[in-house]
Amino acid sequence: MEILSWILTIATIVAIYSIMGLALNVHFGYTNLPNFGIAGFFAVGAYASAILTAPHRFREMEIFAGFPGGVAGRIEAPFIVGLLAAIVLAGVVGLIIGIPLLRLREDYLAVASIGIAQTIYYVAVNELWLTTGSAGIRLIPMPTGNRYLYFLLVLLLLAIAYWVVNRFYSTPIGRVWRGVREDEVITASLGKSIFRSRMSAWIAGCSIMGAAGCLWAHYSMAIQPGEFVPTTTFLVWIFVIVGGLRNNKGILLGAILIMGFFEQGTRFLPAIGAPYIMPAIRLIIIGVLLVVFVRFRPQGVLPERHKKIEAHIR
Amino acid sequence: MGVIFKAEEVSLAFGGIKALDGFSIELEENTITALIGPNGAGKTTFFNVAGGIYPPDGGAVYFRGERVDGLRPDQICMKGLTRTFQIARELGEMSVWENVMLAPKGQVGERVFSSLLRWGTVKKQEKENWEKAEELLKEMGLYEERNELCKNLSAGKRKMLEICRAIMTGPELLMLDEPTAGATVDETKSIMGEIERLREEHGLTFLVVEHKMDVIMNLCNPIYVMYFGRNLAKGDAEAIQHNEQVREVYLGG
């Protein structure tokens, strides 16, 4: 029973991270927007849903933080409201951030997006009235009340995200996004607004990341700012690159391989030597894997697959 | 027959170099006008100004009587003026069919929610656009390569593809920058044939930059000659061939 519970934990985490991987595919794989601020949008979704749904009992933490009149825990909205709020708020934050950010060339965009995620992290740490800072938000309800059912709910949302992202790929909007990726000047000369196209991809991806954040909050039932650090972002990048950037199946595969086996699967292995060696080795292996893939197989395990027109028009 | 496009005294300098120095041109509707001149005369720079890539330093550009200089490339394309590039630029990691299907205007599925929700409309539009694209690709001899990635095409085929893509935007005025560069003799013929056919059957207007004199002389009237960013001459093939100045700077001897 314990082993099953452990597998369930890993599977849920893999599924939630997969959703973030799919969102990164919309950003970087489709549209060439290197978002290194994934953790930020993940946090926006997680906090939005946590603040809206955490129960009143949680007030003690606010008092502890010195803000007895805080927002968190006052609303006690149902899960679905939290989820929608997470999606919408992450999209809105994406829009506001995107206005200055999406005018940048991709390398600057990458740097700026890390900064944005750090800003969001510091908001979570410092805006005690809203987030209770480092104390975090606890007692976030798990909507199904049961981890097995919750896993099914996460799988359902993963399936929806997968469908949405695939649909984007093969409809005209995906063509425009990929056109922007390949050559902005050409795509603009064909009458497509580059800024608007980048923005729609950006918001769509940010919203999906927000949904993943919401799922994370209700799974772990307690969140605190320390979970939304750049490591989260880099893990998503690593499995997306290894599994196959631009290929949604590859992203699922990468999530299972990297997040499942390496990141989570080795967590409970017996310590060899000093206790800090195993976690360090784990990170080293992941890092080496990334270097190897970027150098020798940048398209990942599963490369982009191009649909034939006959299959498309059928 | 009216004037569809007009550039007045357009100038543009890069640092100290005047790439365009008061260049003017007028295009009559439903004609094929040529723009020729030695390398560095400013032909491509003029295309970039007309296409919205650079705003000019001075002068004005009108399309259908409306001022278009200073607009963005996508806005200019939406008005009905599509241009191609001298060095064929293709969307390499996309297939030929995706390249041509990117171009049509007013695709409902280019909006996020419509793409997800309006299945029927999106599918119907895709079918309609593909019917047009299919016919065009067949005429241009690209149909066999429809599922190829563009980066795998030969230089000539890329040029053909670029013209197909431009046509698929449904323009009124097409500005082609060396449409037959890198194309084989056969490909050149089919490109020329297509240009003439589009002018005749669909009433399109063309501005063509070209170095192949036989193409220009057979296809285009009038011909503008450009030299150091300025107008040098204008006339039909006969007049241009016998113009002393043009012979001196461009045609040679």
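The largest nonpolar core of this predicted model has 161 residues, and A:Phe42 and B:Val225 have the most contacts inside it. Such a core is a set of buried Ala, Val, Leu, Ile, Met, Phe, Trp, Tyr and Cys residues joined through C-beta atoms within 7 Å. A residue counts as buried if 20 or more other C-beta atoms lie within 10 Å of its own, as exposed if 12 or fewer do, and as partly exposed in between, with C-beta atoms placed from the backbone. Helix α10 (residues 194–220) of chain A gives the most to this core, with 13 residues. At least three residues come from each of domain 1 (3–88 + 172–251) and domain 2 (91–152) of chain B.

Because the model is predicted, local features need pLDDT of at least 70 and side-chain atom pairs count only at pLDDT 80 or more, while totals for chains, interfaces and linings use all residues. Residues are numbered from 1 along each chain as its sequence is written, and chains are lettered from A and ligands numbered from 1 in the order in which they are written.

**Chain A**

Leaving aside residues up to four places away in sequence, A:Phe42 touches A:Met20, A:Met209, A:Ala212, A:Gly213, A:Trp216, A:Phe228 and A:Thr232. Contact here is C-beta atoms, placed from the backbone, within 7 Å. Helix α12 (residues 248–264) of chain A has buried residues that include A:Ile251, A:Leu252, A:Ile258 and A:Met259. Their cover includes α1 (2–30), α7 (147–170), α11 (230–243) and α13 (277–296) of chain A. Helices (H or I, at least four residues) and strands (E, at least two) are DSSP runs, numbered from the N terminus.

**The sheet of chain B**

Six strands of chain B form an open sheet with mixed pairing, in the order β6-β7-β8-β3-β9-β10. The edge strands, β6 and β10 (230–235) of chain B, each pair on one side only. On average, neighbouring strands are turned by 20 degrees against each other, direction ignored. Helix α1 (residues 43–50) of chain B packs on this sheet and touches β3 (32–36), β6, β7, β8 and β9 (223–227) of chain B; its direction makes about 145 degrees with that of β7(B). Axes are lines fitted to C-alpha atoms, for helices over the stretch in contact, and angles run from 0 to 180 degrees between N-to-C directions.

Strands pair if DSSP finds at least two bridges between them.

| Strand pair | Sense | Bridges |
|---|---|---|
| β7(B) and β8(B) | parallel | five bridges |
| β3(B) and β9(B) | parallel | three bridges |
| β9(B) and β10(B) | antiparallel | five bridges |
| β1(B) and β2(B) | antiparallel | nine bridges |

Five of the five residues of β9(B) are buried, so this strand is largely enclosed by the rest of the structure. B:Ile223, B:Val225 and B:Tyr227 point one way from β9(B), and B:Tyr224 and B:Met226 the other way. B:Tyr224 is the bridge partner of B:Leu35, and B:Met226 that of B:Asn231 in β10(B). β9(B) and β10(B) form a hairpin with two residues between them, and B:Phe228 in its turn has a positive phi of about 50 degrees. A hairpin is also formed by β1(B) and β2(B), again with two residues between them; there B:Gly15 in the turn has a positive phi of about 60 degrees.

**Contact between the chains**

Chain B puts 37 residues into the contact and chain A 27 residues.

Key
Contact = placed C-beta atoms within 7 Å. Domains from an automatic or database assignment.
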